[in-house]
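I opened a structure that was new to me and kept notes.

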Amino acid sequence: MDRETFHNCCSLAKMPRQIHQQHCSSHFIEYIEREIPYSKFFKNYLITNQPCMFSKRFTEDWNCRKNWVTIDGKPNLQRLLHEFDETPVPVANCSAKEYNSNPKQIMPFKEFIQYWREYIQNGNSSPKGCLYLKDWHMQRNFPEHNTYKNPIYFSSDWLNEYWDTTEVDDYRFVYMGPKGSWTPFHADVFRSYSWSANICGRKKWLLYPPGQEEFLRDCHGNLAYDVTALVLQDKGLYAQFEEACQPLEIIQEAGEIIFVPSGWHHQVYNLEDTISINHNWLNGCNLDTMWQFLQDELSSVQREIEEWRDTMDTWHQHCQVIMKSCTGIDYGEFASFLKTIANIRISFLNSCPRNADNCQDLLAESLCALGPHHAAFDLQRVLHIFENMLSNEDFKRLDPSALSFKPEELLQEIREAVRTIV
């Protein structure tokens, strides 16, 4: 990020960017055929929260596109079997519904490949249902494979940066599924961004801009499982369905990468035997969206157990525990997340290698490539959210042991680091 872009965007650090209801008629997906400057992607898609599609040029040198695909564009099941064999993988049954998702099981990779072959031979059917290998942490388990390269446009990835630091989790996944496998209607974790690259095969995406999902809830407030189901036309169950716009329908071809912005609910179908790489990610551009999501989730928990409020001395702490069990994070860990991101950027600005060749790891290389002004922008965003959190009543009620640092001291460090760039 250059100085001009930094100054144009830093005003956003002082303004919460809420996701408001949007209408489909004003949206379309732009196609990016060749490389564009990072600053253009930042301003046109990240800041504006608009979807786009990258052409297959962006994945043509990935090892997985060379090794996992046959000459006729099909999944190379034999090569995959050789690489992963007995590896345990998560597999969902697309033919069954469990709450608002599909039930999952863990099975050996070779068992899934055997199923897939039989499914194809039986004309895309099986008594076992339609199974879909999804949410597999392949990159974390097999980093030596060097399967793909993270495009620079998605490299400011705080979510995976944090979990790489803690070595607890990550949000990088591989999906493999036969024709007919699909993912029910949802928005991504923490209302993060996502990107999805088709290694082979084709997908159909149905996307709704933020706010439209409110028309797709039943009389109990539950989000629709399948937005194409006839039951949504039952006005007794889905009273507002007719107010929803038509979704943005996108066909994603082999090699293409789709960028799905924050809060865009979507439903996805594999039109052919398909393999894809998927990342959930967030950064300074949608950090306020994550913070708003966490506040909404906590409010929902508080409403659910309101009747116990006056009978429990630890009611507020209990709400945090429930929220973490539902979302994977509570206010204390969110604060630690922000501290980790801030400390890395403060350290980077203090040492700030000007030459990417001098960077010692992929994270440092990414920070070098994006530049010190981008790091300063990140810190401005963290500063803004922390200032907001310090005035939040539920954050004030946190048990002191939930935080391993003093936010006020971190804020001072951030201000001093940003001052050196501005």
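**The sheet**

I looked up the sheet and found nine strands in an open sheet with mixed pairing, in the order β1-β2-β11-β8-β13-β6-β5-β3-β4. The edge strands, each pairing on one side only, are β1 (30–32) and β4 (104–108). On average, neighbouring strands of this sheet are turned by 25° against each other, direction ignored. Strands pair here if DSSP finds at least two bridges between them. Helices (H or I, at least four residues) and strands (E, at least two) are DSSP runs, numbered from the N terminus.

I noted that this is a predicted model, in which local features need pLDDT of at least 70 and side-chain atom pairs count only at pLDDT 80 or more, while totals for chains, interfaces and linings use all residues. Residues are numbered from 1 along each chain as its sequence is written, and side-chain values use heavy atoms, with hydrogens and water left out.

**Strand β13**

I checked the neighbours of β13. It runs antiparallel to β6, with six bridges joining the two, and M176 stands opposite I275 in β13. Strand β8 (residues 193–200) is also antiparallel to β13, joined by seven bridges; A197 has I277 as its bridge partner there.

How many residues of β13 are buried? Eight of the eight are, so the strand is largely enclosed by the rest of the structure. Buried means under 20% relative accessible area, exposed over 50%, and partly exposed in between (1.4 Å probe, protein chains only). Both faces are covered, with T274, S276, N278 and N280 on one side and I275, I277, H279 and W281 on the other.

**Strand β3**

I found three bridges between strand β3 (residues 88–93) and β5, in the antiparallel sense. A92 stands opposite Y132 in β5.

**Helix α4**

I listed the buried residues of helix α4 (residues 77–84): L77, L80, L81 and F84. Why do they line one face of the helix? Seen down the axis of α4, they fall within an arc of 100°, so they line one face. The arc is that of the directions from the helix axis to the C-beta atoms. An α-helix has 3.6 residues a turn, so residues three or four places apart point the same way.

I then looked up what these residues pack against: α5 (109–121), β5 (131–136), α6 (138–141), β6 (172–177) and β13 (274–281). Contact means heavy atoms within 4.5 Å. After α4 comes D85, with a positive phi near 40°.

Note on methods:
Axes fitted to C-alpha atoms, helices over the stretch in contact; angles between N-to-C directions.
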